[in-house]
Structure formats: C-alpha cells, structure tokens
Amino acid sequence: MRVSGLLSDRDGDRDPDVAAPTVAPARSGERSPYIDALRALAILRVYLLHTLWLTWLPLAFPAMPVMFALAGYLTAVSLDRGAPLRVVGSRLRRLLPPLWALAAVAVPLMVLVGWRPSLPDVAWWVAPLRNPPSSEWGGPFSLGLWYIRAYLWLVLLSPLLWWAFRRWPVGALLTLPALAVLLSSPLVDLPVNPVTDVVWSMAAYGTCWLIGYARHTGLLDRVPLRWYALGVGTLAIGATMWLAERGEDDRLGALVWGWAVVLLLMRARPRLDWLTQVPWLARLIRMVNARAVTIYIWHLPVLYAASGLLTLTGLYAGKAAILGVGTVLLVAVVLALGWVEDLAARRRPSLLPPS
C-alpha cells in the first residue's frame with residue numbers, strides 16, 4: 001500500500017489542535033470550525049484512499065499538504081502566544097504518547113513472529129527522527145509513520161522557522177519551495193536514504209507549514225485577490241500540465257498541485273455557521289479532531305487486518321467489504337486506545353472525547 005497531517009491555544013489545559021482560534025482576531029480564543037472541518041476531511045480522505053484506492057482523490061483533495069499547513073497555522077498561533085520551548089514540548093506531548101501506544105502493540109507482535117530488532121531499531125519507535133523500522137510482516141504498522149517523522153522534525157524546527165519567517169516572511173516562504181522543486185526535479189539525482197527523506201520532506205511539507213504561518217500572520221490576505229488568484233491558478237495549471245505529461249504519481253507535479261490547493265484553502269475564511277444546525281456532524285468533526293493521531297497511525301494496520309480477516313473467513317475481500325470491516329475495527333481501536341490522546345492533552349481519559 002502507498003500513502004499519499006496532527007495538528008495548543010494555550011499550551012496547557014486547552015488543546016489548540018482541537019479548539020484553534022481563528023486568525024481574525026488572532027488572539028480571540030474562539031474555535032475555528034473551518035480548521036476543524038478541514039482536518040477531519042483530510043483524515044477521512046486519507047482513510048478512503050487507502051481503502052477504495054480512487055486515483056482521483058489525491059488531486060481532488062491533497063490531504064497531506066493540507067494537514068501540514070493546518071499544523072503550521074496552529075503552531076504559529078501558539079508561538080505567537082507562548083515560549084517556544086513550551087510550544088514544542090506541548091506538541092511533542094500530543095504526538096508521541098499515541099505513537100508509543102502503537103509501538104507497545106506492534107513491536108511485541110513483530111518480535112513474536114520472528115523479528116529481531118536492534119536497540120536502535122526500537123529507539124526509532126520511541127523518538128521517530130527517522131522512519132520506525134519493522135519486519136516484513138509488520139510493515140502496515142510503520143508504513144504511514146513517515147508523516148509522524150516529518151511532523152516531529154517540523155515541530156522541533158518550528159521556533160527557528162518562526163524566527164526566520166517573522167524577519168524575512170517572503171524570503172522564507174520562497175526558499176523552501178525552491179529547494180523542494182530543485183530536489184524533486186530531474187536536475188538532482190537524490191539518493192534514497194533516511195537523511196534525504198528528512199531533507200526533502202522538510203522542504204516539501206515545510207512549505208505548507210510556512211503557508212500556515214502566513215495565514216496566521218495575515219500575509220496571505222495582504223496580497224490583492226486578483227494577483228493571488230492568478231498565482232494560485234498558475235501553479236494549479238502548471239501542475240496539471242506537468243502531471244498530464246509525467247503521470248499522476250509524479251512527485252514534483254503532485255507537490256506543486258498540493259501547494260496550490262493549500263494556498264487556496266489557507267486564504268479562505270468561511271465561518272461555517274451552518275454546522276450549528278447539524279449537531280451530529282459538528283460532534284463527529286470534534287471527535288475526529290480529538291482522536292486524529294490515533295485514527296491516522298492505526299488506519300493502515302486495521303485495513304490490512306480487515307483484508308486478512310475477510311480472506312481467512314473465506315469471504316470476498318472487496319473494497320466495500322474492507323471498508324465496512326475496517327471501519328468497525330478502527331472504531332474499536334479508537335475506543336480502546338483513544339484515551340491516550342486525552343492523557344496527552346491533559347484531559348480526563350474517556351471512552352469518547354468530550355463534546
């Protein structure tokens with residue numbers, strides 16, 4: 001399977017990933033239904049892609065760039081309010097415990113079926129500065145964790161990126177995409193190893209992170225709408241033509257398309273007041289946000305388990321069947337382990353997240 005992001009008003013008793021303030025005013029402390037809805041939609045899109053494998057989904061909604069942009073925006077909100085070390089500590093506290101819960105299940109299971117990890121192998125499951133390794137059997141446990149690794153690096157570098165962005169906003173916003181385009185182009189034969197994985201993802205998704213910074217600071221809003229639309233349209237058309245020539249899996253084309261969509265979504269400011277008229281949907285969005293890390297890191301192992309279970313029972317393991325069984329299993333896992341995110345957010349642990 002292939003994989004196509006996690007997003008503290010105040011770092012402490014409140015969780016800005018779930019209850020993020022809107023940009024205007026930047027310090028209002030109000031919830032942003034738009035930000036919450038975008039992240040819930042991104043999580044749903046990732047899940048559906050890895051279940052139904054609809055090839056048009058990444059183009060219709062490039063979820064991973066959107067998730068990194070949302071995370072960058074929320075990080076900027078916190079950095080604008082609190083001490084950088086406290087912000088970094090808060091995000092690490094939100095990110096790592098759910099991963100450790102996954103590791104507490106995955107690593108012993110892989111050892112039971114023959115995996116013999118070294119100490120460094122286990123250490124990457126504790127501090128994923130590189131992709132956590134796995135056995136061939138346990139591949140589904142680690143397949144999607146590249147996102148956790150990229151997010152971790154961006155969190156650690158976020159104070160430095162914030163410092164640079166506040167002093168040279170345009171320069172910072174142009175440097176990372178230029179580097180990402182260079183590294184993704186035919187001009188550079190980039191070797192595949194853990195170091196280049198980190199460098200490329202920092203440039204590619206760090207661009208989305210900085211676009212999130214630009215949303216918070218209002219930089220995007222200061223560009224006249226006609227010029228903004230022209231720039232976004234140029235990126236989108238260029239990416240579409242590149243993908244038509246090189247194929248939908250081309251990394252550079254998909255990356256530029258993702259930036260175009262992120263720029264469009266991060267400029268938008270819909271209030272989504274109509275959500276108050278659909279209580280079940282508003283609650284579902286809040287629940288997905290409160291369990292976003294758990295849903296993301298467990299969805300691939302659960303989908304593989306659903307496929308294996310259907311095969312073992314002699315039932316047809318079609319996409320619809322895997323979607324149905326996988327969803328039931330994922331809900332069960334979230335109910336069983338989602339409370340770890342409550343502890344990480346300094347909330348009272350509960351079977352279901354608070355409304």
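Rings of Phe, Tyr and Trp, the last represented by its six-membered ring, are taken to pair if their centres lie within 6.5 Å. In this predicted model, ring pairs of this kind link Phe68, Trp146, Tyr147, Tyr151, Trp200, Tyr205, Trp209 and Tyr296 into a cluster, and a search of the whole structure finds 15 aromatic pairs.

A pair of aromatic rings is described by the distance of the centres and the angle of the planes, and two pairs are set out in these terms below.

| Pair | Centre to centre | Angle between planes | Class |
|---|---|---|---|
| Tyr147 and Tyr151 | 6.1 Å | 35° | tilted |
| Trp163 and Trp168 | 5.3 Å | 85° | edge-to-face |

Tyrosine 147 and tyrosine 151 lie four residues apart in helix H7 (residues 146–167), and are therefore separated by about one helical turn. Tyrosine 147 counts as buried because its relative accessibility is 0%, and tyrosine 151, with a relative accessible area of 1%, is buried as well. Tryptophan 163, by contrast, is partly exposed, with a relative accessible area of 41%.

The largest nonpolar core comprises 99 residues, and those with the most contacts inside it are Phe68, Trp125, Tyr147, Trp209, Tyr213 and Met266. Helix H3 (residues 63–79) gives the most to this core, contributing 13 residues.

Two arginines also lie over aromatic faces: arginine 251 is placed over tryptophan 200, at 4.1 Å from the ring centre, while arginine 267 is placed over tyrosine 228, at 4.8 Å from the ring centre. Tryptophan 200 is itself one of the residues linked into the aromatic cluster.

Conventions:
Residues are numbered from 1 along each chain as its sequence is written. This is a predicted model: local features need pLDDT of at least 70, side-chain atom pairs count only at pLDDT 80 or more; totals for chains, interfaces and linings use all residues. Side-chain values use heavy atoms; hydrogens and water are left out. A nonpolar core is a set of buried Ala, Val, Leu, Ile, Met, Phe, Trp, Tyr and Cys residues joined through side-chain atoms within 4.5 Å. Buried means under 20% relative accessible area, exposed over 50%, partly exposed in between (1.4 Å probe, protein chains only). Helices (H or I, at least four residues) and strands (E, at least two) are DSSP runs, numbered from the N terminus. Rings of Phe, Tyr and Trp (its six-membered ring) pair if their centres lie within 6.5 Å; planes under 30 degrees apart count as stacked, over 60 as edge-to-face and the rest as tilted. A charge sits over a ring if NZ of Lys or CZ of Arg is within 6 Å of the ring centre and within 35 degrees of the ring normal.
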